[in-house]
Amino acid sequence: MRASAFHLSTTKEAPNDAEIISHQYMMRSGMIRKLAGGIYSYMPLGLRVIRKVEAIVRQEMNDAGALELLMPVVQPAELWVESGRWEQYGPELLRVKDRNGRDFVLQPTSEEVITDIARNEIQSWRQLPVNFYHIQTKFRDERRPRFGIMRGREFTMKDAYSFDRNIAGAQESYRIMFDAYQRIFSRVGLMFRAVSADTGSIGGSQSHEFQVIADIGEDLIVYDPNSDYAANIELAVAPCLIAQRAEPVHTMNKVHTPGVKTCESLATFLSLPLSQTVKSIVVVTEPADQPVEVHLLMIRGDHELNEVKLGKLPGFEIGFRLANEDEILNHFGATPGSLGPVGLTHKQAGATQPARIIADLTVANMHDFVVGANETDFHLQGVNWLRDLPEANLIADIRNVVEGDQAPSGKGTLSIQRGIEVGHVFYLGTKYSKALNATFLDETGKPALMEMGCYGIGVTRIVGAAIEQSHDARGIIWPRAIAPFEVVVCALGWGKSEAVREASLALYNRLVADGVDVILDDRDQRPGVMFAEWELIGVPLRVTIGDRGLAQGQFEIVHRANGETLLVNTDDAYTQVLEELNQMTA
Ligand code: ATP
Ligand code: MG
């Protein structure tokens with residue numbers, strides 16, 4: 001590729017909505033252009049990177065025995081009704097009507113369509129196992145699209161779906177995909193961690209996320225530095241921090257706490273550790289055809305509610321929401337900042353009952369703690385279970401792990417870091433095959449449900465994640481495997497020097513012939529401008545050819561990653577470039 005024939009359009013400034021480095025550099029280097037919120041055009045430069053990621057994904061998927069097909073972006077609503085997700089999915093699912101008023105969706109994922117294919121195509125156990133995948137555009141009407149193509153509304157995903165005769169087979173398919181993912185993310189050149197994860201709206205019972213370690217990551221990953229335990233914080237088990245509940249020390253007393261509304265200010269006001277306070281959170285569930293239910297959750301002052309864990313408790317699977325101020329006042333007769341569990345009653349439809357209380361494991365073993373007094377500007381100190389309030393209705397792990405919590409192995413403590421989820425593998429079981437009745441005839445001739453797994457990779461998100469992990473103040477530093485070009489040959493004085501033109505073309509042609517992805521910068525720009533542009537774009541290796549070097553019989557080779565510079569004889573330049581490239585690990 002000649003730069004004069006390519007579309008390069010770099011800028012000095014990034015748009016204001018580009019909050020993070022990868023988004024800024026993708027915009028500044030001209031990889032993507034915004035069309036609408038969360039919707040981007042992949043420009044020639046960006047598409048080169050995306051295609052390289054896709055090629056690695058495709059090759060590893062094929063090598064793992066998966067079969068590529070391509071399913072439509074537009075899918076009929078009927079299949080989504082059949083699976084139940086037409087109702088469940090919520091506003092992220094973009095629904096459209098055709099000219100006849102029939103409902104369709106833009107696919108956010110393809111479980112329904114692939115299961116429909118499987119039920120039509122697969123009749124016998126002899127056709128199993130099989131794993132189908134595609135690399136296709138997805139649409140999710142994200143609540144908060146941001147970070148460019150890392151959390152876009154339209155994006156590219158590789159999604160694979162395995163079908164097996166039994167659970168053991170499905171587990172083997174899962175393992176094969178898990179291993180393929182390790183290879184894919186290593187080849188792309190990412191630092192990542194595979195973590196146990198929640199199964200979310202896709203459903204199923206076992207899953208791992210592949211998380212790229214980065215400070216801007218939206219996920220929190222909990223890991224044990226001394227074992228291979230790693231889990232998304234949504235799932236990570238938070239232990240009870242108090243082995244046994246101690247006897248009360250103080251009598252309960254009411255303290256005047258003017259203006260104090262949070263546990264932090266309460267702890268400061270009373271000169272107590274935050275860990276002696278307990279916050280009360282009210283959530284509402286709305287069972288069908290029944291009055292709403294309100295629940296008081298108790299979490300230690302220095303802890304946070306984990307909504308995913310709460311959502312798995314009995315009665316909460318239907319979904320829940322935080323109560324608003326009016327609801328708290330109406331049901332409990334107290335304001336949120338003064339709410340507490342002692343003597344709390346719940347008024348509904350004229351009847352008064354004790355409030356339903358759910359305590360976190362740690363809170364359930366506390367003694368002499370501080371809570372709201374259900375009276376504005378007052379709190380209760382020295383509160384103790386059984387003496388001052390009855391045992392909670394339910395005691396469960398409903399908080400997030402915090403740094404320093406004991407590791408499940410019992411050895412050492414847990415650490416937390418941020419991650420960008422780039423891949424996700426799920427064991428689905430028969431969730432979709434049951435809903436869509438995807439059966440096959442087993443060895444005994446009896447119909448059986450197919451055991452399924454599904455496996456996603458955010459192709460476009462990988463591009464952003466790679467930049468987050470590898471950049472400096474001047475721009476992107478691509479791993480060789482996914483760089484838009486592996487080498488740039490910068491010809492200084494192209495227009496006026498025959499010698500430069502000849503030498504540059506000679507090297508360029510040899511590299512092209514050898515399959516190196518090289519671009520020749522023949523645009524005749526000033527060296528400073530040219531170098532800055534290629535540093536922003538992040539090409540791993542730059543070869544500079546100019547009259548001054550040629551007079552010494554030398555080219556200059558510069559590594560983008562560390563600025564390492566080599567002067568090589570013109571005759572050796574070709575082999576040296578190949579050697580430098582081959583030394584790169586990814
Ligand atoms: P997230 O929690 O980040 O929303 P998810 O759990 O919804 O992700 P999956 O349904 O498992 O994601 O999708 C598979 C992969 O697709 C994810 O691992 C991620 O890499 C990618 N992906 C998901 N949503 C987006 C998005 N809005 N933009 C770009 N890539 C995405
Ligand atoms: Mg999502």
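Reply: Happy to; below we go through ring pairs, charges over rings, the ligand and some backbone details. One thing to keep in mind is that this is a predicted model.

Me: Let's start with the aromatic rings. How many aromatic pairs are there, by the rule used here?

Reply: The count is 13 aromatic pairs. F316 and F320 make one of them, with ring centres 5.9 Å apart, which is within the 6.5 Å limit.

Me: Why is the pair of F316 and F320 called edge-to-face?

Reply: Their planes stand at 80°. An angle over 60 degrees counts as edge-to-face, so that label applies to F316 and F320.

Me: What makes F316 buried and F320 partly exposed?

Reply: The relative accessible area of F316 is 1%, and because buried means under 20%, F316 is buried. F320 has 22%, which falls between 20% and 50%, so F320 is partly exposed.

Me: And how do you know that F485 and W534 form a pair, and of what kind?

Reply: The ring centres of F485 and W534 are 6.5 Å apart, and the limit is within 6.5 Å, so they pair. Their planes are at 85°, over 60 degrees, and therefore the pair is edge-to-face. This pair links distant parts of the chain: F485 sits in the loop between β28 and β29, W534 in helix α14, and the two are 49 residues apart.

Me: Are F485 and W534 buried or exposed?

Reply: F485 has 0% relative accessibility, under the 20% cut-off, so F485 is buried. W534 is buried too, because its 2% is also under 20%.

Me: Which residues form one aromatic cluster?

Reply: That cluster is formed by F178, Y181, F185, F192 and F210.

Me: What makes R95 count as lying over the face of W86?

Reply: R95 is at 4.7 Å from the ring centre of W86. The distance part of the rule asks for CZ of Arg within 6 Å, so R95 meets it. K254 lies over the face of F378 at 5.3 Å from the ring centre.

Me: Now to ligand 1. Which residues come nearest to it?

Reply: There are 14 residues around ligand 1, and the nearest are R140, E142, R151, G152 and E421. By class, this shell has five nonpolar, four polar and five charged residues.

Me: How do you know that R461 makes a polar contact with ligand 1?

Reply: A polar side-chain atom of R461 lies 2.9 Å from an oxygen atom of ligand 1. A polar contact needs N or O atoms within 3.5 Å, so this pair qualifies. The backbone takes part as well: a polar backbone atom of V422 is 3.2 Å from a ligand oxygen, and a backbone N or O atom of M150 is 3.3 Å from a ligand nitrogen. The protein covers 85% of the 580 Å² of accessible area that ligand 1 has on its own.

Me: Which element gives the largest share of the shell around ligand 1?

Reply: That is β23, with four residues.

Me: Finally, why does F147 count as buried?

Reply: F147 has 6% relative accessibility, under 20%, so F147 is buried. This residue is in the loop between β7 and β8, and has a positive phi of about 65° although it is not a glycine.

Me: And what makes D524 partly exposed?

Reply: Its relative accessible area is 42%, between 20% and 50%, so D524 is partly exposed. D524 lies in the loop between β30 and α14, with a positive phi near 60°.

Note on methods
Residues numbered from 1 in each chain as written. Chains lettered and ligands numbered in written order. Predicted model: local features only at pLDDT ≥ 70, side-chain atom pairs only at ≥ 80, totals over all residues. Heavy atoms only, no water. Phe/Tyr/Trp six-rings, centres within 6.5 Å; stacked < 30°, edge-to-face > 60°. Buried < 20%, exposed > 50% of the residue type's maximum accessible area, 1.4 Å probe, protein only. Lys NZ or Arg CZ within 6 Å of the ring centre and 35° of its normal. Near = heavy atom within 4 Å. Polar contact = N/O pair within 3.5 Å; in protein donor to acceptor, adjacent residues only side chain to side chain. Areas by Shrake-Rupley, 256 points an atom, 1.4 Å probe, with all protein chains shown as cover. Nonpolar A, V, L, I, M, F, W, Y, C, P; charged D, E, K, R; others polar.
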